[in-house]
Amino acid sequence: MILRDYQEKLIHDVRESIRKGHKRILMQLWVGGGKTVISAEIMKLAYAKYKRSLFIAPRRQLVYQASETFTNYGINNALIMAGELQFNQPLVQVASIDTLVTRIKNGRMSYPDAAIVIQDEAHAAMSEERLKILGHYPLVIGITSTPALANGRGMGSFYTDIVEGPTMKEMVDNGFLVPMRYFGAESPDLANVKLNSDGDYQEKGLAEASDKPELIGAIYDNYKRIAGDRTTLIFAVNCKHAQHIHNEFLSHGVNSDYIDAHTDTDERAAIKRRVESGQTKVIVNIGVMAFGVDWPIISCVIIARVTRNISTWIQYLGRGTRLYPGKSECICIYHGDNFLELGMIDEPIEWNLEDKTTIKERKEKAAKEAKEPKEITCKQCGYIFKSRRDCPKCGCKMIPFGEAIPFHKADLIELTKPEKFSSEYKETFYRCLLGYARQHRYKEGWAYWQYKEKFGVGPAWKKEMREPSADVINWIKYQNIKKAKARMK
């Protein structure tokens, strides 16, 4: 197997880190960059020296995928996972972190021998029990696309060095990934949804706010309007929410499949075959498809659950950035109102290990600095100043008249929040309201006030009727339910 240049560089950088004395190294590489291939190369090098190595993953599917990759790479390996037969220890073993924690804790097994441990999806293995396992070994390499805790802070409580791969923009520019396009869509009312300890929305409240008929209908309508017939992956809040979305697509004749933590390996494989053959167009899940999923045919990702977690945001969107024949881009449709806070995933991110600031705080600081004047050092007296052409200390002319006063380089792309509703969408919605009014013998003024209720302003379109869309019907149903509940209070 021939490694890409950046993969070879990452291995070289890991070696350099080891030479400097680091024994807990975090490797960052973008989704689709080939983290398992790099792991295979590292383990093959250890294998050649008869050193034992252990690859640990957080989910069954990732364990199977890694084992298959190592086998294809010519590395004999054995599995440590519930439901799998145990063999005498070969030089390379692939383990489920949960199986290791459970068996070692209850005394059913001792720590497997290993000189090198590679922890896949390292950001998901930072609990006390999991770190206790990792801490037993002399050399640990954690690999992840998003080297940060759920709250956005660094992982320096365990790792002592971080080695970074190319940015997503570099991966796209070099033809290793496809670019993203972004569309905003209807978002739930989150005024009463509380935050958890990590600063993201609590699942129960988020599910109640998101699982509304008009929002479910909008997910389908935006899919048809924006994605067309693209193979699409949808992230929902919980099982109930996901099932409602799944059923909505089925009701419109769209072949949809549903995956959750209880979907067994055989059924998941069958779903993947249906997706790859074109039989299934939409896959609805909660979070099990957030990492370790290599389905490059996906060219649209719909995030139907609002998140404040940038790492989750990146992991979700990364499912659609892999290359595939005929695929030139991936579309993101986000049903949330904080797109500016999360940002485009090809923006540079300052990853580090310290836990004093979050990713969000560092992005905000960088954006602020990008707008500030740059410090100028006077070549005459060494005084540092900014926002002027001459040195206030000695009067030396530093910036000739006509030249721009320098500002900090704006590394962050200026984001433009997508409009929640396009002009075309509003016009169509109004005409559908007029059509609904005629069907039910309402006055045309009813359509006016319904439009104003949804968009905050009166309609500016000609009174041309059309058949009510599912989006309009679902919205009206929701309005009627809301009014009925209000009367009951």
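Student: What percentage of the residues of the chain count as buried?

Tutor: Of its 489 residues, 52% count as buried, where buried means under 20% relative accessible area, exposed over 50%, and partly exposed in between (1.4 Å probe, protein chains only). A word on the ground rules: this is a predicted model, in which local features need pLDDT of at least 70 and side-chain atom pairs count only at pLDDT 80 or more, while totals for chains, interfaces and linings use all residues. Residues are numbered from 1 along each chain as its sequence is written, and side-chain values use heavy atoms, with hydrogens and water left out.

Student: Why is Asp 355 called partly exposed?

Tutor: Its relative accessible area is 47%. Asp 355 sits in the loop between α12 (339-342) and α13 (359-370).

Student: What makes Gly 154 a contact of Asp 355?

Tutor: Contact means heavy atoms within 4.5 Å, and, leaving aside neighbours within four places in sequence, Asp 355 is in contact with Arg 153 and Gly 154. The C-alpha atoms of Asp 355 and Gly 154 are separated by 4.7 Å, although these residues are 201 residues apart along the chain. For the chain, residues 24 or more positions apart account for 71% of the contacts with a separation of 6 or more.

Student: How many helices and strands does the chain have?

Tutor: There are 16 helices and 15 strands. Both are DSSP runs numbered from the N terminus: helices are H or I with at least four residues, strands are E with at least two.

Student: How do you know what span is expected for α1?

Tutor: The rule is 1.5 Å times one less than the number of residues. Helix α1 (residues 5-19) has 15 residues, for which 21 Å is expected, and its first and last C-alpha atoms are 21 Å apart, so by that definition the helix is close to its expected span. Helix α9 (residues 239-251), with 13 residues, reaches 18 Å, close to the 18 Å expected.

Student: Which residues of α1 are buried, and what puts them on the same side?

Tutor: They are Tyr 6, Gln 7, Leu 10, Ile 11, Asp 13, Val 14 and Ser 17. They cover an arc of only 160 degrees around the axis, which puts them on the same side of α1; the arc is that of the directions from the helix axis to the C-beta atoms. The face turned away carries the exposed residues Asp 5 and Arg 19. Among the elements covering the buried residues of α1 are β1 (24-28), α2 (35-48) and β6 (140-144).

Student: What about the buried residues of α9?

Tutor: Those are His 241, Ala 242, Ile 245, His 246, Glu 248 and Phe 249.

Student: Why are β3 and β7 said to stand at the edges?

Tutor: The open sheet has 7 strands in the order β3-β4-β2-β5-β6-β1-β7, with parallel pairing. β3 (77-80) and β7 each have a single partner strand, so one side of each is left without a neighbour in the sheet.

Student: What makes β5 and β6 a pair?

Tutor: Two strands pair if DSSP finds at least two bridges between them. β5 and β6 have 4 bridges in the parallel sense, so they meet that definition. Gln 119 stands opposite Gly 142 in β6.

Student: How covered is β5?

Tutor: In strand β5 (residues 116-120), 5 of its 5 residues are buried. Ile 116, Ile 118 and Asp 120 point one way, and Val 117 and Gln 119 the other.

Student: What is called a nonpolar core here, and how many residues has the largest?

Tutor: A nonpolar core is a set of buried Ala, Val, Leu, Ile, Met, Phe, Trp, Tyr and Cys residues joined through side-chain atoms within 4.5 Å. The largest has 104 residues, and those with the most contacts inside it include Phe 55, Tyr 159 and Trp 313. Its largest share, 6 residues, comes from α2. A second, separate core of 22 residues includes Ile 216 and Ile 245.
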